[in-house]
Amino acid sequence: MATSTPVIQAPRNLASKSNFELYSWLFMRLSGVLLVFLVLAHLFVNLMLGDGIDGVDFAFVAGKWSSPFWQTWDLLMLWLAQLHGTNGLRTIINDYAERDGTRFWLKSLLYLASIVVIVLGTLVIFTFDPCIDPDSTLSVCQ
Amino acid sequence: MDVTLKLRRYNPEVSDEVSWETFSVVQQPTDRVLDALHTIKWDQDGTLTFRRSCAHGVCGSDAMRINGRNRLACKTLLKDVNPGKPITVEPIQGLPVLKDLVVDMEPFFAAYKSVMPFLITDGNEPTRERVQSQKDRDRFDDTTKCILCAACTTSCPVYWADGQYFGPQAIVGAHRFIFDSRDEGTAQRLEILNDNEGVWRCRTTFNCTEACPRGIEVTKAIQEVKRALIFRR
Ligand code: HEM
């Protein structure tokens, strides 16, 4: 006698087949590993090397962003931290918001804020003008 | 030994209000919390309501929150729960309370049913038993120990906030078949737990492992299912 897979009515509706939660779980781990490296090196370079925290001013930032290396570094850090943080907060909202309405609005607010920061941040990294001040004394503006 | 128990009382037939009631009983230090509850029910207040069937840690009906931790009342000795102070006993959390320490287990069983906790096979039935090596049997031995007491699921903070989450027990129940070499329903079960209310809701807080009266490594089992999902083909 052949047996076949029994069909039982699942007591709950499964959402559409999707690996979204799987990838978002993986992304948290992978971006976390990269962030350890990116953030610690970022903090070290900005706060410890050279004059340390006293060296951080407009000129310091201008100097860093004139190099494609630091542009890429900061871009990566921005996107990873932002997506990681947003996905983390999405999880927290899912965990703690009890009503669907609350959940929807909190997440809408979160995604909106996240998009604003990512777009604005990316824009600044690529369009940063070290000579925005016409009286600038920076060497690149002479 | 004089012991004080502080019980969470609720009887919707009398009042919608929850109250805490204190009882004093005389017990041996090696008596169990269940014995103290029996003393109260049999000698002091017959209306006290709780579940217990076998009373020896196998049937899984008397999971309750004892001093803030999920335990089986029939496996918890009074001397181990700081009997010098009042011992608090409440129903397990996250399921609707029906009366006193009794909760509605239906949502919990529904989650278990939805992972299809039975052997699924294809093809002809063998004429004799389905042979399995000792090694293959050992692979899922830990998760066969589950007695469906709900101590794990109702200790999970994600489950408290989101009753749609399958919860640790359903994942343990699925693990028992996913890693059984005789079973052929793995793909279906993994797909079910890949749901957005499935294994990815787990935040690895280990409450479930801590709560399991059978010593099942629940969090580990959940992680093994996550891994199986990531590496499935
Ligand atoms: C320093 C490197 C970082 C590492 C290694 C890291 C790692 C992780 C991991 C593995 C998770 C998932 C936890 C879980 O699923 O239970 C997580 C969650 C989270 N992360 Fe990070 N992360 C880092 C940096 C950041 C940064 C910079 C932010 C903020 C922008 C952030 C915000 C969050 C939030 C909000 C959560 C959700 C918390 C939760 O799930 O309970 N993390 N992080």
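In the predicted model, the side chains of Arg139(B) and Glu224(B) meet in a salt bridge, at 3.3 Å from N to O. A salt bridge here is a side-chain nitrogen of Lys or Arg within 4 Å of a carboxyl oxygen of Asp or Glu. Arg139(B) lies in helix α3 (residues 134-139) of chain B and Glu224(B) in helix α8 (residues 218-230) of chain B, so the pair ties together parts that are 85 residues apart in sequence. Helices (H or I, at least four residues) are DSSP runs, numbered from the N terminus. Arg139(B) is partly exposed, at 36% relative accessibility. The cut-offs are under 20% relative accessible area for buried and over 50% for exposed, with partly exposed in between (1.4 Å probe, protein chains only).

Over all chains, the structure holds 20 salt bridges. Asp180(B) pairs with Arg176(B), with the closest N and O atoms 3.0 Å apart. Asp180(B) is buried, at 2% relative accessibility. Salt bridges with shared partners join Asp95(A), Asp162(B), Glu197(B) and Arg201(B) into one network. Another salt bridge links Asp80(B) and Lys79(B), with 3.5 Å between the closest N and O atoms. Asp80(B) is exposed, with a relative accessible area of 52%. Lys79(B) is partly exposed, at 44%.

Helix packing was examined in chain B. Helix α5 (residues 167-178) of chain B packs against helix α6 (residues 186-193) of chain B at an angle of about 155°, and their axes are 10 Å apart. This makes α5(B) roughly antiparallel to α6(B), a class that covers angles over 145 degrees. Axes are lines fitted to C-alpha atoms, for helices over the stretch in contact, and angles run from 0 to 180 degrees between N-to-C directions. The crossing of α5(B) past α6(B) is left-handed, meaning that the near helix is turned anticlockwise from the far one by less than a right angle.

Chain A carries a nonpolar surface patch with about 1000 Å² of accessible area together; its members include Val36(A), Phe37(A), Leu43(A), Phe44(A) and Val56(A). Patch residues have over 30% relative accessible area and no salt bridge, and nonpolar side chains are joined within 5 Å. Areas come from the Shrake-Rupley method with a 1.4 Å probe. Leu43(A) is found in helix α1 (residues 20-47) of chain A. Leu43(A) is partly exposed, at 39% relative accessibility.

Residues are numbered from 1 along each chain as its sequence is written, and chains are lettered from A in the order in which they are written. Local features need pLDDT of at least 70, side-chain atom pairs count only at pLDDT 80 or more, and totals for chains, interfaces and linings use all residues, while side-chain values use heavy atoms, without hydrogens and water.

Note on methods. Patches are made of residues with over 30% relative accessible area and no salt bridge: like charges are joined within 9 Å, nonpolar side chains (Val, Leu, Ile, Met, Phe, Trp, Tyr) within 5 Å. Helices (H or I, at least four residues) and strands (E, at least two) are DSSP runs, numbered from the N terminus. Angles under 35 degrees count as roughly parallel, over 145 as roughly antiparallel, 65 to 115 as roughly perpendicular and the rest as oblique.
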